Amino acid sequence: MKKKKEIFVLLGSLLVIILSVTLAYFTVQIIGKGKEISLDSANLKITFASGGGNISSTNIEPGWSSGASTFTVKNESNDTYKYNIIIKDLVNTFVTKGFLLYKITSTDGGYNMSDFVDVPKSTSATDTILAYSVEIAKGVTHTYTVEFKYLTSEEDQSDDMGRILSGTLYIEKGTVQPTLAEKLFSDNPTIQTRSSFSTTFTTTNTGTLYKATESIAGSTSKDVYYFAGDAKNNWVKFGDFYWRIIRTNHDGSIRMLYSGTSTDTTRGYIGGSKFNSSWNDAMYVGYMYGTTGSLTSNRTNDNSSTIKKYIDTWYSNNLNSYTKYISTEAVYCNDRQLDSGQTWSTSSDFNYITYTRLDYDTKGANANPTYNCAVREDSFSAGTSGGGNGKLTYPIGLMTADEINIAGGLAFNNAPAYYYLNSAGGSITGTAYWWSLSPLRWASYISRVWVVYGSGYPGDLGDYGHVDNSLGVRPVISLKTCALWTSGNGAPETPYEISTTSGC
């Protein structure tokens with residue numbers, strides 16, 4: 001057992017004496033002073049009372065709690081109003097997670113939390129909204145209890161020594177809670193386009209999205225937006241796992257790459273699997289496949305590959321309860337088109353279209369990747385209204401080799417772009433190689449799929465992927481457009497998080 005240490009912090013007054021309330025509807029006058037303060041106007045009355053409205057301590061130990069502080073919000077107008085509950089100028093530099101927690105409860109119709117959750121983290125003073133647009137009818141009073149605590153743990157909690165928590169609880173005019181997509185565009189106002197993908201791209205470019213297009217099975221192209229290079233602000237925490245945002249999709253959802261259970265992990269994959277246990281037929285490059293004899297018969301998609309079964313089991317065990325937030329219409333492209341001049345065969349070599357599109361022969365010097373998925377049978381999705389084939393049991397897939405190229409990778413070139421990196425600047429999969437979804441070629445006796453190399457060849461997009469090799473598996477999911485942002489700015493310390501109680 002590691003020794004628990006007393007934690008000395010500067011805990012500024014998180015519920016300090018309120019000096020002003022930024023509520024546009026009202027002109028507010030300070031009535032009280034000291035520990036009990038009323039903010040009153042003709043329309044709205046906000047009272048901080050029990051517990052003094054003040055949390056202030058310079059000495060916190062595991063097991064500390066603030067005790068309950070209460071405040072009320074009363075609507076004395078003739079109309080229904082909406083208000084936000086925010087922490088103004090929040091600074092929370094605590095390192096650990098799951099120890100420093102807060103809870104706001106109301107038993108009379110106000111905003112109510114069922115459990116304690118982590119206090120949002122912020123390294124600089126940031127206004128952080130805890131609850132959006134709480135509706136209060138005329139003549140109604142909402143009574144709140146606010147509690148903070150720091151849990152005792154058997155783990156060493158000394159990383160939190162000297163950390164800071166400060167801020168002020170405020171009530172402000174209600175605003176609409178943004179979706180994750182809206183927050184993403186707000187945080188990344190610079191939109192650029194790229195015309196060349198024939199060199200690696202590892203530029204650090206926080207605040208920037210790149211614009212491209214996507215078409216599904218010949219449908220009208222739609223604009224999509226993606227991260228590339230050493231993106232620092234595309235982290236998401238969802239379902240207790242970390243993800244990196246790849247791009248938006250044709251249906252507007254946000255596509256994300258599995259990235260482990262911590263941001264500095266070197267095991268950012270769910271485990272190892274063969275792409276297919278069978279290997280001696282060209283059809284085994286299929287995420288699903290049919291029968292041998294022709295590309296058409298390969299594409300009937302009656303059988304799940306080994307890796308699809310592996311991913312489906314993981315989804316069922318880990319993400320099934322979050323399905324309402326995950327797009328069933330997003331398409332994961334297992335592009336089995338043949339390269340120009342190639343003929344499908346079980347006895348002679350042939351290449352799939354990614355061989356030339358990603359320029360296998362000259363190491364990406366003429367790469368021309370795409371997000372388009374031209375053939376419906378290759379457009380794997382769980383639903384059918386977005387143009388996909390509807391063959392997936394669960395709405396989950398893998399990153400394509402084209403997506404890796406667009407993100408900054410290149411065939412047979414080291415490319416430490418975001419898909420390869422953890423928050424510490426190293427390989428997020430250690431030495432492990434990991435599968436893409438993109439067929440590469442049939443080499444007379446074995447099917448091959450593009451893979452991404454580990455730390456030995458950082459971020460290299462290569463062809464080690466004989467389908468019967470056991471390599472790392474990094475699933476991809478897509479969050480629906482209705483997913484509501486709750487906290488974070490995409491940095492590894494403060495990843496984007498979404499509401500799992502509202503929005504979808």
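Select Cys482 and Cys504: a disulfide (cysteine sulfur atoms within 2.5 Å) joins them, S to S 2.0 Å. The torsion about the S-S bond is 110°, and the link is right-handed. Cys482 sits in the loop between β28 (476-479) and β29 (485-487), and Cys504 in the segment after β30 (497-498), so the pair ties together parts 22 residues apart in sequence. Strands are DSSP runs of E, at least two residues; helices are runs of H or I, at least four; both are numbered from the N terminus.

This is a predicted model: local features need pLDDT of at least 70, side-chain atom pairs count only at pLDDT 80 or more, and totals for chains, interfaces and linings use all residues. Residues are numbered from 1 along each chain as its sequence is written, and side-chain values use heavy atoms, without hydrogens and water.

Next, select Cys333 and Cys373. A disulfide joins this pair too, S to S 2.1 Å. Cys333 is in strand β21 (residues 332-333), and Cys373 is in the loop between α4 (354-357) and β23 (379-380), 40 residues apart. Cys373 is buried at 1% relative accessible area; buried means under 20%, exposed over 50%, partly exposed in between (1.4 Å probe, protein chains only). Cys482 is partly exposed at 24%.

Of its 82 residues, Phe238, Trp243, Met399 and Tyr419 touch the most other members. Strand β24 (residues 434-442) gives the largest share, five residues.

Finish on a second, separate core of 26 residues, including Phe94 and Met113.

Terms used:
A nonpolar core is a set of buried Ala, Val, Leu, Ile, Met, Phe, Trp, Tyr and Cys residues joined through side-chain atoms within 4.5 Å.
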